[in-house]
Amino acid sequence: MEIQENLSSIKQRISAAASRSGRDAAEIKLVAVSKMTGIMEISEAISFGQHDFGENRALQLRTRKQLFPSENWHMIGRLQTNKVKEVVENACLIHSVDRMELAKEISKRSLQSGIIMPCLLQVNISGEEQKAGIKKEDTVDFLKEAENLKGIVFYGLMTMAPEVPIGEAEKVRYVFKELKELFDTIKTMSFANVMMKELSMGMSNDFEIAIEEGATIVRIGSAIFPKIM
Ligand SMILES: *Cc1c(COP(=O)(O)O)cnc(C)c1O
């Protein structure tokens with residue numbers, strides 16, 4: 001019951017945030033972050049119509065894709081190059097491309113699998129040292145360098161805002177605003193393997209603000225699933 005209620009409340013809040021900012025809620029995808037929850041909870045979410053899930057570990061993503069092959073599995077966490085093969089074979093979208101070495105490995109593995117892997121570039125807007133992501137000012141150069149890579153397409157940008165206490169999410173609005181500005185700038189440029197259409201930003205604590213600033217994908221875990229792991 002709890003998961004159903006949480007999902008429907010999140011969807012209502014997504015709709016409200018979309019209409020506040022004159023947007024269509026249908027253009028915002030909810031990725032239910034299942035990294036901390038179990039198989040039963042995922043089954044439950046699926047039965048209530050949730051079909052996009054986010055994982056931050058390659059091997060758990062693979063196991064869950066095998067259990068629930070019809071669902072869409074998003075890789076949202078830091079990805080080691082030695083796990084790229086599993087992720088390329090099982091994920092629908094990699095949100096967390098944060099370095100050239102990783103982009104190259106994704107390209108190589110995708111070519112071997114005969115696919116073109118949809119990816120997002122993770123940008124570290126806040127500049128916090130412990131956060132993954134390319135620096136904002138290096139993003140365009142990164143895309144220029146990655147332009148020659150086959151087997152990989154960049155559909156947009158992802159960021160994580162700094163953690164702030166509940167109720168203080170307004171403090172991170174600038175992060176979402178800056179990522180949207182960068183997104184719009186890159187949109188005016190032309191790269192062989194870049195098509196800017198997705199902005200993955202916003203988590204349980206701050207997704208409404210992210211939507212107001214233009215998010216097309218929100219990644220929500222703890223507001224949907226009870227923590228069991
Ligand atoms: C865990 C995680 C989320 C979800 O966070 P919640 O605060 O539980 O909603 C979103 N994005 C990434 C990259 C994560 O690792």
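Buried means under 20% relative accessible area, exposed means over 50%, and partly exposed lies in between, with a 1.4 Å probe and protein chains only. The model is predicted: local features need pLDDT of at least 70, side-chain atom pairs count only at pLDDT 80 or more, and totals for chains, interfaces and linings use all residues. Residues are numbered from 1 along each chain as its sequence is written, and side-chain values use heavy atoms, without hydrogens and water.

View 1. Helices (H or I, at least four residues) and strands (E, at least two) are DSSP runs, numbered from the N terminus. The C-alpha trace spans about 50 × 40 × 30 Å along its principal axes. For 229 residues, a compact globule would have a radius of gyration near 17 Å, and the 17 Å of this chain agrees with that. That radius is taken over C-alpha atoms, and the globule rule is 2.2 Å times the number of residues to the power 0.38. Of the 229 residues, 52% count as buried. Contact means heavy atoms within 4.5 Å. Among contacts with a separation of 6 or more, 60% are between residues 24 or more positions apart.

**View 2. The surface and charges of the chain.** The accessible surface comes to about 10700 Å², and carbon and sulfur atoms hold 50% of that area. Areas come from the Shrake-Rupley method with a 1.4 Å probe; for residues, only the protein chains shown count as cover. There are 30 positive and 32 negative side chains, and the centres of the two sets lie 4 Å apart. Lys and Arg count as positive, Asp and Glu as negative; His and the chain ends are not counted. Each charge is placed at NZ of Lys, CZ of Arg, CG of Asp or CD of Glu.

**View 3. Strand E7, residues 152-158, mostly covered.** Six of the seven residues in E7 are buried. Two strands pair if DSSP finds at least two bridges between them. Strand E5 (residues 117-124) pairs with E7 in the parallel sense over six bridges. Here Cys119 stands opposite Phe154 in E7. Strand E8 (residues 194-200) also runs parallel to E7, joined by four bridges. In this pair, Leu157 faces Leu199 in E8.

**View 4. Lys83, in the loop between strand E3 (72-75) and helix H4 (84-90).** Lys83 is partly exposed, because its relative accessible area is 22%. Ala58 is 25 residues away along the chain, yet the C-alpha atoms of Lys83 and Ala58 are separated by 6.2 Å. Beyond its neighbours within four places in sequence, Lys83 is in contact with Ala58 and Leu59.
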